[in-house]
Amino acid sequence: MMRRQGSVDVLFAAVVLGMLAIAGCWAHAAAPTGTSSRTPAGQRIQELKVAQIGNPSAMDCWNFTAVDEGDIVRHFLEPLFDFDRDGAIRGAAAESWEMKSPTEWIIRLRKGMKFHDPKYEELKAEDVVASLDSCVRETSRLAIAFAKPILKHQAEILDEYTIRLTMPEPGTGGLLNNLAYAYIYPKKYLELGKEQVARRPIGAGPYKFVEWVPNQRIVVERFEGYGGPEQFIDRIVWRIIPDAFTRESEFLTGGLDVIPFVQPAWVPEIEANPNTRVERVVSGRHIHIILPVQEPPFTDKRVRQALNYAVNKKELVEQLFLGIGAVPLTGAIHPILPEADPERAGYSYDPEKAKLLLREARANGVKVGKITLYAPNDRYTLDKEMGEAVAGYWRAIGLDVEYINQPRSVLFPNLFTFKLKDPLLIGFGNIRLRAEWIFEVGYNRHYADPIPEEWQKLIDELSRTISGDPRRIELARKLDKLWTEDAKWVFMINYVDLYGVNNRVDWQPYAIENRYFLDAKPRKK
Amino acid sequence: MYQFVTQRLLQALATIIVVSIVVFLFVHASGDPAALLLPEQATPEDIANLRAQLGLDRPLYIQYLAFMKDFWRGEALKSFRYNLPALPLVLGALRWTLALVCGAMFISVVLAIPLGTLAALRRGSLVDVMIRVVAVFGQSMPSFWVAMLLMLFFAVRFRVLPVSGLGFKHAILPMATLAFFQVAVLLRLFRSEMLEVIHQDYIRTARSKGLREAIVVYRHAFKNAAIPVITMVGLQFAALVTGAVVTDPIFAWPGVGFLMVNSVFLKDYPVVVGAAIVAAVVVTMINLAVDILYGILDPRIRVS
């Protein structure tokens, strides 16, 4: 019995040691080699795998609202216009266009753009009118992306490839920017009903929709009959992977070709891998703190300016974003827009000046008591941490600050229903790429009111000019300077979007957070 | 038996209704989904319009009754987020969860029972100590950490398994993560049950009759030691079906955990409440099955 017991122990120990030895051999032999999936120059990429953080809410124009959908939908639905990498508007289905007056536009369509289903033949004016009529109306969730006059448009077919759009009031200089989110479906397909269209979207884009499995993947395949530029990818798969660590692991092991929202801390590891690289782009999204200007003490400009001077934006960028994930925000207009002044300095870090301004305000009877700063903890990269840092900076100039971070589902309803009485950290992504849009948006405007008439005139003037009009630069920079100097907000940071890209793919990101792969191709050696 | 099963089914129904009401109220108390479904540029009118569209402007009890009526009709109730019917979404996710959980429990039982037996029979020896140390580790380490370690080791460092995705090979790491804790729990339970049983008089009698040790252990001791463990397996199975909220998102496994976490953050009421109801059904049915099995295995329970 004793001998048998001893031999079982020995056997057990031998098994354990054997497993450890095998693991050790693996450790030596299976060093990571990275992927070796280079596509020879001139050939296509068979399948591009892209990480998608969140599940899209819908693939139809009535229900999608955000970039989670827009950057996928663009591949199979052709809009009238879209943006190039510099943010300039260009025709997609539209070949030429003309603003006849502030309320009337003529748009001519490109010929030869076919829908994916041959039954629906060529994209023509009637399809555009039907799509605009169905999707660009107030009942659609996408309506938020459009200026109100555009939602009340009248569309008229002038000939097979020409339409006239008439708006009830001026202020639609940004029409083309708005219509970058107006996707075109076949008229006859729309008549089959929203359910059908939502389940199986058909468009005229460079890729055909294949499938959407919620919480798993979205798949599109190249459309041979596309009337636009040649596509070099046969198939795109968006894999839904919400966990950041998993996305990075998949990317480094070759399971993904592109990952968005790379954390700054991962950049050295990605750049050290011979098969991957990091692409950077200054984002169209910045972070600012809304100050409710109607509520004391924020009614006083000196207090608002003091709150700006107290924040060390450079330190925020260095410490939180490791110097690579953001740049200091120096004004209201997004730095990616041509209207932003590259020379603007914004508010420097000057705590002594901040204290002086506060003393002056108090000496003039302004009561600066406890300030409550709110920030979301689930909406923007490092939102909670930025709020904590700002609370610290404000305390450092002698203010009594309470910091509260909450989910956006709790905070944002108060913001949108104008019940906010305290400063709130918020982001703004300028998907229209229109300089004046940030000053027009409901909550930004409400909490900044009242604004002088001169400012409103600048906003109105800007809204009547087309993107690219040289007059916009002077108008916008003047407005930006006034707005910044008045410190309606505390200016924080502008994101630098970081993308991990496999070296077999030649692709650069866009500033508007949309991940379009329409010009991606195999990378030359 | 018939009376027992009927009684338990009625209890299960009451449990499911209570769960649905409680979860419904909690989810409504946690925030407004309309604000989340719209971009930040939405005006108060946009939010009000969406709330009306989704029926969120009705009294709570009306919303609840409408929800319960539509949910069980399958196609009628739609997810706020996905605009797809909620029940098929939940059932689709449940399919993946059950696949994972079955695999994890199989691994757990296959490892826990022999190791627990060995530890009990070699009580006090080096083998027993090593096995117990492994059990303590298994119970102490948080599952997200285990998941990340396994992923780093097997998928990133040694590339023997994929990081995430669907398929048999892809399921190994999430199954192993879930099994890690389960093995520890079952192992310790089986060891203590076995220790209690092998010191009983009838085992001493069997040994003194000259029966081989293997017969004594597996024919006589094992059956009695297994009964509480089987109960625990059932309870753990039920817990895993609803509790893989950490493992699912890490491995991008589209199970109920993944769906629930997403839906809670997005205030997708139909899916949250729907998933809670489906989970309550699964758990109560498993508990009922365990109770019936317990009665079958232990005649004393049957008689009482």
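In which hand does α5(B) cross α10(B), left or right? The crossing of α5(B) past α10(B) is right-handed. This comes from a predicted model.

**Helix pair in chain B**

Helix α5 of chain B spans residues 86–121, and helix α10 of chain B spans residues 213–243. Their axes lie 10 Å apart, at an angle of about 145 degrees. On the α5(B) side, the contact uses T97(B), L98(B), V101(B), A104(B), M105(B), V109(B), T117(B) and L121(B). On the α10(B) side, the residues are V217(B), V233(B), F237(B), L240(B) and V241(B). By class, the contact of α5(B) with α10(B) holds 11 nonpolar and 2 polar residues, with no charged residues.

**Interface between chains A and B**

Chain B gives 44 residues to the contact, and chain A gives 41 residues. Several helices of chain B supply two or more residues each to the side that touches chain A; among them are α2 (33–37), α3 (44–54), α6 (126–140) and α12 (256–265). Helix α7(B) provides the largest share of that side, with 5 residues. The table sorts the chain B side by class.

| Class, side of chain B that touches chain A | Count |
|---|---|
| nonpolar | 30 residues |
| polar | 7 residues |

**Sheet in chain A**

Chain A has an open sheet of 4 strands, in the order β4-β5-β7-β6, with antiparallel pairing. Strands β4 (94–101) and β6 (154–159) of chain A are the edges, and each pairs on one side only. Direction ignored, neighbouring strands are turned by 20 degrees against each other on average. Inside the sheet, β5 (residues 104–109) and β7 (residues 162–166) of chain A run antiparallel and are joined by 5 bridges. One bridge partner is R164(A) in β7(A), which faces I106(A) in that pairing. Helix α3 of chain A, residues 125–135, lies across β5, β6 and β7 of chain A. This helix runs at about 175 degrees to β6(A).

**A one-sided helix in chain A**

Helix α11 of chain A covers residues 313–320, and its buried residues are K313(A), L316(A) and V317(A). In general, an α-helix has 3.6 residues a turn, so residues three or four places apart point the same way. The cover over the buried residues of α11(A) includes β13 (326–328), α13 (383–396) and β17 (489–502) of chain A. L322(A) follows α11(A), and the phi of L322(A) is positive, near 55 degrees.

Note on methods
Residues are numbered from 1 along each chain as its sequence is written. Chains are lettered from A and ligands numbered from 1 in the order in which they are written. This is a predicted model: local features need pLDDT of at least 70, side-chain atom pairs count only at pLDDT 80 or more; totals for chains, interfaces and linings use all residues. Two residues are in contact if their C-beta atoms, placed from the backbone, lie within 7 Å. Ala, Val, Leu, Ile, Met, Phe, Trp, Tyr, Cys and Pro count as nonpolar, Asp, Glu, Lys and Arg as charged, and the others, Gly among them, as polar. Axes are lines fitted to C-alpha atoms, for helices over the stretch in contact, and angles run from 0 to 180 degrees between N-to-C directions. A crossing is left-handed if the near helix is turned anticlockwise from the far one by less than a right angle, and right-handed if clockwise. Two strands pair if DSSP finds at least two bridges between them. A residue is buried if 20 or more other C-beta atoms lie within 10 Å of its own, exposed if 12 or fewer, and partly exposed in between; C-beta atoms are placed from the backbone.
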